[in-house]
Amino acid sequence: MSTNTTAAILPVTRAQAAEYMLLFANRRAYLRQSHFPSKKSGRFYFYKACDRKSKQPFSIDIATVHSHLAGHLTIGVYAINPESQSSKWIAIDADYADSRRDLLRFQQACREDGIEALMEQSRRGGHLWIFLAESMPAKLCRLYVLDVARRLGIAVKRDKEDGIEVFPRQSVLQPGEFGNAIRGPLGIHRASMLRYWFETAEPTLDAQFQLLRQVRRLTREHLEALTAGMAPIPDPVAAKPWTQLPAVGGHNQGFQILRHVPNAKRSGKNFITQCPACAQRGEDRNGTHLSISVAEPRMYHCWAGCSKEMIRSALGCPIPSRVWSPWTA
Ligand SMILES: [Zn+2]
């Protein structure tokens with residue numbers, strides 16, 4: 001419904017700024033988007049704003065949010081509160097070719113799980129937002145999102161590979177860590193000088209706040225029910241795309257991993273067991289790294305990032321090179 005509008009300075013009420021803080025700010029630290037591109041990268045980067053004299057980072061406050069909504073500056077909001085290791089929202093950012101299609105599939109999968117997710121346009125692709133009824137542990141948020149991504153075969157960004165970026169990106173922040181931050185909605189993107197609105201409401205602050213007030217919040221009970229039985233995701237995070245074997249009829253038809261891992265235990269939609277490649281390195285003593293899809297046992301994945309090739313060689317059944325070369329390129 002809404003269209004992107006150019007960067008007019010808008011009137012903002014103090015109440016709107018306060019409401020925005022409650023909705024989006026997980027911690028005091030925040031980022032600002034540069035008003036000029038970096039000389040090096042040409043990007044409108046996000047930086048930690050500090051007081052010039054004291055070098056102390058600024059804390060997010062109502063005045064800052066007010067300026068963001070009005071359009072004088074643009075903030076980035078962090079996904080995790082370090083004290084509670086929890087977040088008020090989940091966001092998914094995708095900016096590769098065809099990413100909008102993946103985000104719409106993601107939104108549909110959420111809908112089927114009874115979750116309302118709002119699509120916000122961005123310069124390329126979009127951001128998909130899920131609002132939580134209360135702050136919830138980052139690890140629980142990630143468990144659900146990564147499972148949906150796996151179900152849909154949507155890759156999660158890792159290094160230079162394309163894929164979705166999940167906010168929060170960590171399950172737990174270590175002391176001194178900030179985790180990832182996303183451009184705060186409803187402000188002006190400094191590169192395009194456009195406002196990107198949530199798509200299901202008119203492009204005015206009043207209508208957008210109305211939408212944000214009405215959107216159905218994901219409750220803790222609901223999220224816990226959706227993630228019940230899922231194996232925890234160890235950090236560093238499994239950002240590697242889910243491993244998919246060739247379609248039925250491929251050269252690999254004969255290999256059935258479940259025959260090689262007799263101790264795999266059913267957990268929700270997956271079998272969970274020790275990753276043979278991790279085990280070879282003396283890791284995964286608890287036997288939780290390897291997930292095998294119950295519905296499609298030819299799909300398996302090591303949360304510590306072992307490749308199919310590593311897993312197959314560890315089992316003594318290396319993948320013949322003529323088979324794996326086309327899809328490991
Ligand atoms: Zn492994």
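Hi everyone, this is a short walk through the structure above, which is a predicted model.

Let me start with the overall layout. The protein chain has 329 residues, and 33% of them count as buried. Its secondary structure comes to 10 helices and 15 strands. If you take the contacts between residues at least 6 apart in sequence, 70% of them join residues at least 24 apart.

Now to the inside of the protein. As background, nonpolar side chains in soluble globular proteins tend to be buried together. Which residues touch the most other members of the largest nonpolar core? They are Val77, Ala91, Ile92, Ile130 and Val145, out of 49 residues in that core. Helix α4, residues 138–152, gives the most to this core, with seven residues. There is also a second, separate core of 16 residues, and Ala264, Phe271, Cys275 and Ile311 are among them.

Let's stay with valine 77 for a moment. Leaving out residues up to four places away in sequence, valine 77 touches Phe24, Ala25, Asn26 and Tyr30, and also Ala181, Ile182 and Gly184.

Next, a pair of helices. Please find α1, residues 14–24, and α2, residues 62–70, on the screen; their axes come within 9 Å. How do the two helices cross? The angle is roughly 105 degrees, which makes α1 roughly perpendicular to α2. From α1, the residues that take part are Arg14, Gln16, Ala17, Ala18, Tyr20 and Met21, and they meet Ile62, Val65, His66 and Leu69 in α2. Sorted by class, that contact has seven nonpolar residues, two polar ones and one charged one.

Looking at one pair, β12 and β13 (residues 270–273) run antiparallel and are joined by three bridges. In one of these pairings, serine 267 has asparagine 270 in β13 as its bridge partner.

Last, a few backbone details for anyone who likes to look at loops. Where is the cis peptide bond I want to point out? It joins phenylalanine 167 and proline 168, with omega at about 0 degrees. Proline 168 itself lies in the loop between β8 (165–167) and β9 (181–183).

Then we have two residues with a positive phi, though neither is a glycine. Glutamine 85 has a phi of about 55 degrees, and it lies in the loop between β4 (75–78) and β5 (86–94). Aspartate 98 has a phi of about 75 degrees, and its place is the loop between β5 and α3 (99–112).

Is aspartate 98 buried or exposed? Aspartate 98 has 10 other C-beta atoms within 10 Å, so it counts as exposed, given that the cut-off for exposed is 12 or fewer. Glutamine 85 has 18 such atoms within 10 Å and is therefore partly exposed.

Technical notes. Residues are numbered from 1 along each chain as its sequence is written. This is a predicted model: local features need pLDDT of at least 70, side-chain atom pairs count only at pLDDT 80 or more; totals for chains, interfaces and linings use all residues. Axes are lines fitted to C-alpha atoms, for helices over the stretch in contact, and angles run from 0 to 180 degrees between N-to-C directions. Helices (H or I, at least four residues) and strands (E, at least two) are DSSP runs, numbered from the N terminus. Angles under 35 degrees count as roughly parallel, over 145 as roughly antiparallel, 65 to 115 as roughly perpendicular and the rest as oblique. Two residues are in contact if their C-beta atoms, placed from the backbone, lie within 7 Å. Ala, Val, Leu, Ile, Met, Phe, Trp, Tyr, Cys and Pro count as nonpolar, Asp, Glu, Lys and Arg as charged, and the others, Gly among them, as polar. A nonpolar core is a set of buried Ala, Val, Leu, Ile, Met, Phe, Trp, Tyr and Cys residues joined through C-beta atoms within 7 Å. A residue is buried if 20 or more other C-beta atoms lie within 10 Å of its own, exposed if 12 or fewer, and partly exposed in between; C-beta atoms are placed from the backbone. Two strands pair if DSSP finds at least two bridges between them.
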